[in-house]
Amino acid sequence: MSANLTFPKGGVHPPELKGLTEKLAIEVMPLPDELELILGQHIGAPCTPTVKRRDEVSEGALVAEVTKGLGVPLHAPAAGSIKALGSSAHPLRVSAPSITIKTNPEAAPATWEVQEDWRQSTPEELLKKVHDAGIIGIGGAGFPTHVKLKPPADSPVDTLLLNGAECEPYITADHRTMLEKAEEVVEGGKILLKILGIKTCVIGIENNKPDAITAMSSAVAAATEAGFDIRVVALEVKYTQGSEKQLIQAITGRKVPSLALPSAVGVVVHNVSTTRAVRDAVVLSKPLIEKVITVSGRGINRPANLLVKVGTKVSDIVEFCGGVKPDLARIVLGGPMMGFAVSTLDIPVTKTTSSVLFLTEDEIDSRELSNCIRCGWCLEACPMGLEPKEIGIYVEAGRPEDTAQFGVFDCFECGSCAYVCPAKRPLVQFVRLAKMKAKR
Amino acid sequence: MWNVSVSPHVRSNESVDKIMWTVVACLVPPLLLSVFVFGVQVLLITAVSVISCMAVEAISQKLLGREVTVKDGSAALTGMLMAFVIPPGVSFLIPILGAVMAIYIGKHLMGGLGYNIFNPALLGRAFLLATFPVAMTSAWLPPLTDGAIFTYLSSGVDAISTATPLAVLKEQGMLAFREAFGSPAEVYPSFFLGWRPGCIGETSGLLIVLGGIFLMYKRYITWHIPVSMLGTMAVLTWIFGGDTLFSGDPLLAVLTGGALLGAFYMATDYVTSPSTRTAQLVYGIGIGALTVLIRIKGGYPEGVCYAILLMNPLSSVLDGWFKPKRFAPPAGGEK
């Protein structure tokens with residue numbers, strides 16, 4: 001194994017705090033009474049329900065279909081009856097249309113068995129299975145996976161990267177998946193290679209997960225097969241190592257141009273947990289109905305790595321994990337750097353939720369912002385070489401439309417700038433405002 | 001309902017207050033040394049300067065209807081730095097007037113913390129130099145050698161004022177300088193340690209450099225501005241600073257006239273200096289070159305103050321010229 005790879009410019013080192021859950025094996029959470037399936041789980045238009053109230057559904061049955069634009073279908077995570085076609089709390093949109101399923105505790109859980117040898121299928125058949133199983137990027141982006149597997153004809157792809165960096169603090173869901181399901185991740189990688197029609201796959205893992213690196217390396221070695229060139233590389237521990245452009249640069253040295261897709265430099269990136277979901281979709285014909293999430297933070301009594309059904313409400317997770325502590329101050333869906341704070345426990349997990357964090361006052365930072373002192377720390381921290389301080393000053397001065405010159409459209413809102421800012425300026429918020437108003 | 005806000009939800013424990021008060025703390029050792037060199041009145045002058053700056057900040061913010069942020073330490077730092085660049089024998093009125101100029105006009109009328117174009121402490125000094133030219137250029141005190149730090153308090157300072165090394169060098173030449181301060185072998189150590197006439201805080205090169213190194217260790221400042229400024233001064237002084245070309249004394253140039261204080265504490269002021277590394281190097285070179293130009297051709301012996309004030313407004317221009325390198329431009333070049 002070579003030295004730890006990394007991207008050269010920017011990045012920050014927030015405390016990792018993975019010790020709360022990294023040694024805990026994935027637990028299966030018992031089926032909750034109700035599941036709420038948000039129709040817009042992916043990037044693109046929300047799905048349209050194919051069921052109506054009081055319909056009985058079996059586990060894995062189709063409940064919503066794509067009717068326009070880009071997207072993937074939605075399936076019933078468990079057997080039960082449709083209780084309502086209404087709306088649910090949503091971390092970003094406040095409320096979003098959803099399907100509520102009253103689960104049937106009597107129904108036997110579905111058994112997902114190996115269907116057939118995927119090696120006999122054509123790439124088109126495999127791609128259709130990925131789409132039909134409702135697979136999207138479950139590391140957080142939510143981009144439909146089948147779309148990423150069909151790169152534009154004018155940019156041929158030669159390398160598949162599997163993202164096991166998991167650079168956000170606290171989260172250990174990918175870590176545990178790689179450790180406990182290494183063979184499945186590797187098999188998923190082979191399926192992706194077959195769909196893409198290429199042979200090179202590199203799995204990047206931050207070196208704060210040596211056990212996962214070992215497990216994945218052994219799984220790769222055990223699955224050696226002609227036509228598949230798969231290897232594991234260790235990455236330096238640095239936030240945003242797991243961001244697509246930084247990961248590609250760290251591993252291949254290639255730079256994805258501004259506003260372009262990774263396929264522009266011949267690369268496709270998939271998260272390791274997404275890869276495992278692809279394997280389940282193809283090998284077991286199992287749709288994406290459950291996922292591993294990390295429940296962590298000092299505000300929850302029993303931190304855990306849980307396998308939960310999509311649509312499980314945070315309130316049920318709290319109950320299963322022994323309740324919250326009295327000094328709980330903030331609940332975050334996703335990581336502490338890029339996740340979304342939510343105002344209610346009555347909010348369902350989606351396919352893209354990688355963690356639910358229960359943070360106490362001393363874990364978060366609620367200090368008020370002050371004026372920008374132009375220290376330039378944000379320039380040093382930004383992995384994209386942007387000028388967050390100027391974007392903030394322009395937005396405050398009422399000129400968000402003039403911020404394109406500082407690279408606002410290249411910003412992927414990693415929060416490194418706001419993390420280091422000594423004046424505690426909400427630079428990500430300024431950027432989001434600027435993006436709405438700036439002229440391209 | 002829970003506390004919601006935009007990501008990131010975790011942030012580093014650095015803060016403006018922490019930075020400002022750390023820099024203030026780094027200035028305490030040179031101040032204490034100054035008490036031993038010039039007597040306890042420098043402590044009083046510094047206290048008056050710091051308290052006036054903080055009071056003017058609070059009053060200005062009240063007057064302008066802004067939030068009072070005097071606890072963030074930025075006004076205290078300005079007060080400390082302004083005291084460091086005035087002579088030890090001035091009256092207490094001088095730092096009070098300087099504080100009004102530095103904080104009210106130089107900072108809050110410009111928009112408050114972060115929006116001032118000029119370094120407030122140096123603006124205060126420039127104002128005092130123009131309004132009290134005699135006191136500001138003659139109230140120097142010879143160093144105390146007997147540890148009698150209350151001497152000047154009881155006797156008054158008018159009768160015993162002396163001249164600074166650079167003034168002697170500029171006005172009377174090297175021969176007079178040697179006579180007053182000794183041979184180079186004697187001068188360098190005493191100047192580096194601080195036993196020579198000068199402004200309150202600029203005498204001890206050693207303690208100022210140590211403070212600067214600590215700030216670099218804390219990553220509050222980087223080497224770019226101090227090294228480029230002092231390096232430029234040394235090279236240009238060596239070339240042009242002597243009677244013939246290549247005969248100037250570069251070491252003397254950086255040890256005198258507040259060059260070290262200016263390089264580590266004034267030119268590195270976040271608000272009034274550029275943010276990108278390349279811009280900082282150009283900025284430092286500019287300050288070094290202007291300082292030498294003023295010392296050799298100008299009317300003032302020291303030059304650092306005006307060189308920094310002249311470069312301050314160019315900071316944002318330099319930042320515009322030397323932008324950070326983007327990750328990758330769009331395919332087909334920038335629009």
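Me: What makes up domain 1, domain 2 and domain 3 of chain A?
Reply: Domain 1 takes in 31-103 + 289-360, domain 2 is 117-283 and domain 3 is 377-437. These bounds come from an automatic or database domain assignment. Taken over C-alpha atoms, the centres of domain 1 and domain 3 of chain A are 31 Å apart. Bear in mind that this is a predicted model: local features need pLDDT of at least 70 and side-chain atom pairs count only at pLDDT 80 or more, while totals for chains, interfaces and linings use all residues. Residues are numbered from 1 along each chain as its sequence is written, and chains are lettered from A and ligands numbered from 1 in the order in which they are written.

Me: Why is helix α6 of chain A called mostly covered?
Reply: A residue is buried if 20 or more other C-beta atoms, placed from the backbone, lie within 10 Å of its own. Eight of the nine residues of α6(A), residues 244-252, are buried, so the helix is called mostly covered. Among them are Leu247(A), Ile248(A) and Ile251(A), and also Glu244(A) and Lys245(A). Helices here are DSSP runs (H or I, at least four residues), and strands are too (E, at least two), numbered from the N terminus.

Me: What do the buried residues of α6(A) pack against?
Reply: They pack against four strands of chain A: β9 (159-164), β10 (200-206), β11 (229-235) and β12 (267-271). Contact asks for C-beta atoms, placed from the backbone, within 7 Å. Just after the helix, Gly253(A) has a positive phi of about 80 degrees.

Me: How do you know that β4 of chain A is an edge strand?
Reply: The open sheet has the order β2-β8-β7-β4 (chain A), with antiparallel pairing. Both β2 (34-38) and β4 (56-57) pair on one side only, which makes them the edge strands. Two strands pair if DSSP finds at least two bridges between them. Two bridges join β4(A) to β7(A), residues 80-90, so they count as paired. In β7(A), Gly80(A) is the bridge partner of Val57(A).

Me: What makes up the side of chain A that touches chain B?
Reply: Chain A gives 52 residues to the contact and chain B gives 33. β15(A) supplies the largest share of the chain A side, four residues. That side divides into 31 nonpolar, 11 polar and 10 charged residues. Here Ala, Val, Leu, Ile, Met, Phe, Trp, Tyr, Cys and Pro count as nonpolar, Asp, Glu, Lys and Arg as charged, and the others, Gly among them, as polar.

Notes:
Buried ≥ 20, exposed ≤ 12 C-beta atoms within 10 Å, placed from the backbone. Contact = placed C-beta atoms within 7 Å.
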